[in-house]
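Please read them alongside the structure shown here.

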Amino acid sequence: MKKLMFVAVMAIMAAGFTACGNSAPRASLKTDLDTLSYAIGMAQTQGLKEYLVGSMGVDTAYMADFIKGLNEGVNAGENKKKAAYYAGIQIGQQISTRMFKGINHELFGEDSTKTISTKNFMAAFISAVTGKKGLMTMEEAQETAQRMMQEVKARELEKTYGENKAKGEKFLADNAKKEDVKTLESGLQYKVIKEGTGAIPSDTSLVKVNYEGRLIDGTVFDSSYERGEPAVFRANQVIKGWTEALCKMPAGSVWEVYIPQDLAYGERQQNKIDPFSALVFKIELLEVNPKKK
């Protein structure tokens with residue numbers, strides 16, 4: 001049986017014993033069904049303590065309180081009023097211990113002093129779950145939550161990594177003054193090292209490339225040359241700066257491409273690349289729509 005099946009088994013067994021407080025009923029194995037019931041009860045606890053601690057946040061110092069609640073829940077049987085109350089307790093604890101923690105970490109990282117508003121969260125949650133008219137429709141709430149999560153997260157990240165943005169802007173401004181560097185309307189910059197004469201890919205074309213990626217301080221963070229094997233992918237399956245550059249490069253070209261942070265990974269952390277980092281790539285376009293070997 002799966003670990004979570006213990007809840008269903010305990011509910012079925014509720015009529016078989018009674019207990020109160022934090023005490024356990026005394027076992028009496030007079031019949032085969034008694035013995036089976038005891039064995040099932042014992043077997044269903046395998047991994048339960050780990051589940052309580054790891055997934056439900058139960059402190060083992062308060063196991064007596066867990067047993068008290070357990071007894072109350074089992075003995076409630078089919079009492080719908082109590083079932084609704086216990087469901088509210090369980091979901092409320094999950095909101096507190098999991099949902100809030102996850103949302104706050106997503107928004108504010110390791111800054112534990114910041115949190116979303118419990119009052120406003122619960123006002124909306126209760127309004128929606130009880131079917132009352134709220135301040136937003138469900139569609140508006142989903143759109144607003146998604147949009148503002150990104151905005152708040154970006155603001156928080158900029159407080160930490162804003163220096164990267166400033167350094168990148170200065171680097172690109174200075175770089176744009178060089179005679180051999182071309183700047184496009186999007187802010188993307190490139191320098192032609194070798195001009196190819198082959199086909200120019202569309203954004204849906206497969207391309208075969210060798211490349212080296214660097215931070216503006218010269219740190220190499222990725223290189224197909226080091227791996228000893230070119231990469232093959234569709235031109236629209238990479239960051240925006242790559243796609244824009246590839247769609248202007250004839251096959252056989254080698255360009256050095258300078259990508260503003262908003263055409264790279266923006267506020268996202270990407271392995272060795274911190275948020276708001278401008279990037280430099282040497283891109284060698286070997287083939288467009290290479291034939292499978």
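1. K153 lies in helix α7, helices being DSSP runs of H or I with at least four residues, numbered from the N terminus. The model is predicted, so that local features need pLDDT of at least 70 and side-chain atom pairs pLDDT 80 or more, while totals for chains, interfaces and linings use all residues. Residues are numbered from 1 along each chain as its sequence is written, and side-chain values use heavy atoms, without hydrogens and water.

2. K153 has a relative accessible area of 24% and is therefore partly exposed (buried is under 20%, exposed over 50%, partly exposed in between; 1.4 Å probe, protein chains only). Residues up to four places away in sequence aside, K153 touches E106 and L107, contact meaning heavy atoms within 4.5 Å. Its C-alpha atom is separated by 9.8 Å from that of H105, 48 residues apart along the chain.

3. The axes of α5 (residues 80-108) and α7 (residues 138-175) come within 7 Å and cross at roughly 55°. Therefore α5 is oblique to α7 (under 35 degrees is roughly parallel, over 145 roughly antiparallel, 65 to 115 roughly perpendicular, the rest oblique). I103, E106, L107 and F108 of α5 meet M149, V152, K153 and E156 of α7.

4. N175 also lies in helix α7 and, at 3% relative accessibility, counts as buried. Beyond its neighbours within four places in sequence, N175 is in contact with V181, Q189 and Y258. Which residue's side chain forms a polar contact of 2.8 Å with that of N175? The partner is Q189; such a contact is a pair of N or O atoms within 3.5 Å, within protein one able to donate a hydrogen and the other to accept it, with residues adjacent in sequence counted only if both atoms are side-chain atoms.

How values were computed: Axes are lines fitted to C-alpha atoms, for helices over the stretch in contact, and angles run from 0 to 180 degrees between N-to-C directions. Helices (H or I, at least four residues) and strands (E, at least two) are DSSP runs, numbered from the N terminus.
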